[in-house]
Amino acid sequence: MPLPAPGADRETVAVIGAGQPAEAGARFLVEDGWQVVRLDRLAPGEATDQLAGASVIVVDLAALPEETGTDGLAALAEACPDAALLALARPGAPPRRFHGRTSIRPRFVAAPVTRERLLRGLESAISTRNLLLENRTLRQELRAATRLEDWVGCSGASAGIRSAITTAAFSTGPVFILGEPGTGRKLAAELIHRLGRQSSMAFLPLKAGSLPAGELGAVLAALRRAVGDPGAAIRRARPGSVYLSGAERLGGPDQAVLHDAVRRAPPFRLLVSADPGVSGQVRARAFRGRLLRRLSGLTIRIPPLRERREDVPALALHFLSRACRSAGVGPYGISPTTVEAYSAHDWPGNTAELRMWIERAVATAAVSRFAGSVLPDAVCSPPDAPPAAPARLDHRPLKQILAGIERSLIQRALRRTGGNQKRAAARLQVNPTTLHEKMKRHGLLRRRPVSSGSGSASPGGHQT
């Protein structure tokens, strides 16, 4: 890598040492137009403060503390890991060996220091530093791209999804994500954005069903202006990726706008998701076939959860750990019986429904002050029927929602134990007296008329 031409912006060079090699090196660099900072001697522990603005360090080895020897050079390299190092060795000095743990190793220049020898060594040090920093950055990006830890799952389908996300992240052009709602379409889009070149800018999600009819064109035009505005105060406020979910819900005029946007390649990454049923809309002429073909250039298909049941245990544990941290309880575990039941359930709402059900179980355990380590099966068993839509619960207080959840769990436990309160309490891992009080509070204690000679009736019409 050639050095910058005279007069060009150059990196700051710190020259350490008071002897002839350091003085000659500083003079040559100043005459050549470099920005030079002079330090006569480097005190132990002060490297970071004194050299904070320097990206190149030229040090006379005699200026290092005598007690540290060559280890002082290693300490300097570790204190300034992103700086190029050039070490000046005096005539007759013993050979120096560098034992530092940093990947950027110094270049040695033997005295007497000449202009040609100094600049050649400086060019080599800067080139090596730049290559190593670029290699470090690429390795970090590669590790992030190949791990994709946020996409949880051990099935072959999940491995294929991670591979497709990696391919999409390092490519250009629009990406079409095909999958049912709740399968993780938005997460896939976020990972593509996070791993791509546009990650320094904002990720903007849009819902096609929430946009007024005919407004998509105005929205995309405003986003184009935001990207092209050089006076934007914060780079992250400018969209780098725009994610449009539920494209099958767009009307005819908005479909035409989207087709034009895909064809003309907007100044941001366009990520679009749709339900697999969109192909049926094409046959019914409710969705443009040309738009679907244009979008399908780079497609990521996400199967529903019922087709990748191997992912259910890993997803359940992931959601459980996250819910426990959010609620400040636990950590809790789930019994193998419940995990098997989860894997056998179809989960029509896919991963979103599984996450909601586990969060519901953790909230119930938090309200009931559960003190065990494994959640009761009755608390976190899969639903017998789909739960109520969240929209119908928005207007209700949280205390009322949780009370309803607790009441339904108690009813289910009683139903599964044939009305035996003692066994129901054991399933719920609560004291029978506590269960009785909760049944009383929820209005589950109802008495039936008892004929003479018959056994006593239990609360709620269940024989105990």
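H11 and helix H12 (residues 336-344) cross at roughly 120°, and their axes come within 9 Å. The model is a predicted one.

**H11 and H12**

- Angles over 145 degrees count as roughly antiparallel and 65 to 115 as roughly perpendicular; the crossing angle is roughly 120°, and H11 and H12 are therefore oblique to each other.
- The handedness of the crossing of H11 and H12 is right-handed.
- On the H11 side, Val-312, Pro-313 and Ala-316 take part, and they meet Val-339, Tyr-342 and Ser-343 of H12.
- Sorted by class, the residues of the contact of H11 with H12 are 5 nonpolar and 1 polar, with no charged residue.

**H5 and H6**

- Helix H5 (residues 156-169) packs with H6 at an angle of about 45°, and the two axes are 8 Å apart.
- That angle makes H5 oblique to H6.
- The crossing of H5 and H6 is right-handed.
- H5 contributes Ile-165, Ala-168 and Ala-169 to the contact, while H6 contributes Ala-188, Leu-191, Ile-192 and Leu-195.
- The contact of H5 with H6 consists of 7 nonpolar residues, with no polar and no charged ones.

**H16 and H17**

- Between helix H16 (residues 421-428) and H17 the packing angle is about 100°, with the axes 9 Å apart.
- Because 65 to 115 degrees counts as roughly perpendicular, this angle makes H16 roughly perpendicular to H17.
- The contact draws on Gln-421, Ala-424, Ala-425 and Leu-428 from H16, and on Pro-432, Leu-435, His-436 and Met-439 from H17.
- In the contact of H16 with H17 there are 6 nonpolar and 2 polar residues, and no charged residue.

**Largest cavity**

- Searching the whole structure gives 2 cavities of 30 Å³ or more.
- The volume of the largest cavity is about 150 Å³.
- The largest cavity is lined by 13 residues, of which Thr-364, Ser-368, Val-379, Leu-428 and Val-430 are the closest to its centre.
- At least two lining residues of the largest cavity come from each of H13, helix H15 (398-416) and helix H17 (432-441).
- H15 gives the most to this lining, with 3 residues.
- The lining of the largest cavity divides by class into 9 nonpolar, 2 polar and 2 charged residues.
- Leu-428 is named both in the contact of H16 with H17 and among the residues closest to the centre of the largest cavity.

**Second largest cavity**

- The second largest cavity has about 40 Å³ of volume.
- Its lining is formed by Leu-206, Leu-216, Leu-220, Val-242, Leu-244, Leu-258 and Leu-270.
- Helix H7 (216-228) and S8 are the elements that give two or more residues to the lining of the second largest cavity.
- By class, this lining holds 7 nonpolar residues, with no polar and no charged ones.

**Second largest pocket**

- The second largest pocket contains about 450 Å³ of space.
- A set of 20 residues lines the second largest pocket, and those closest to its centre are Thr-183, Gly-184, Leu-187, Thr-351 and Arg-355.
- Two or more lining residues of the second largest pocket come from each of helix H6 (185-195), strand S8 (239-245), helix H11 (312-327) and helix H13 (350-367).
- H11 gives the most to the lining of the second largest pocket, with 4 residues.
- The lining of the second largest pocket comprises 8 nonpolar, 6 polar and 6 charged residues.

**Elements named under more than one topic**

- H6 packs with H5 and gives residues to the lining of the second largest pocket.
- S8 gives residues to the lining of the second largest cavity and to the lining of the second largest pocket.
- H13 supplies residues to the lining of the largest cavity and to that of the second largest pocket.

Conventions
Residues are numbered from 1 along each chain as its sequence is written. This is a predicted model: local features need pLDDT of at least 70, side-chain atom pairs count only at pLDDT 80 or more; totals for chains, interfaces and linings use all residues. Side-chain values use heavy atoms; hydrogens and water are left out. On a 1 Å grid over the protein atoms alone, a cavity is a set of points where a 1.4 Å probe fits but cannot get out, and a pocket is an open set with protein on both sides within 12 Å along at least five of seven lines; lining residues have an atom within 4 Å of a point. Grid points are joined across faces, edges and corners, and a volume is the space filled by probe spheres set on the points. Ala, Val, Leu, Ile, Met, Phe, Trp, Tyr, Cys and Pro count as nonpolar, Asp, Glu, Lys and Arg as charged, and the others, Gly among them, as polar. Axes are lines fitted to C-alpha atoms, for helices over the stretch in contact, and angles run from 0 to 180 degrees between N-to-C directions. Angles under 35 degrees count as roughly parallel, over 145 as roughly antiparallel, 65 to 115 as roughly perpendicular and the rest as oblique. A crossing is left-handed if the near helix is turned anticlockwise from the far one by less than a right angle, and right-handed if clockwise. Contact means heavy atoms within 4.5 Å.
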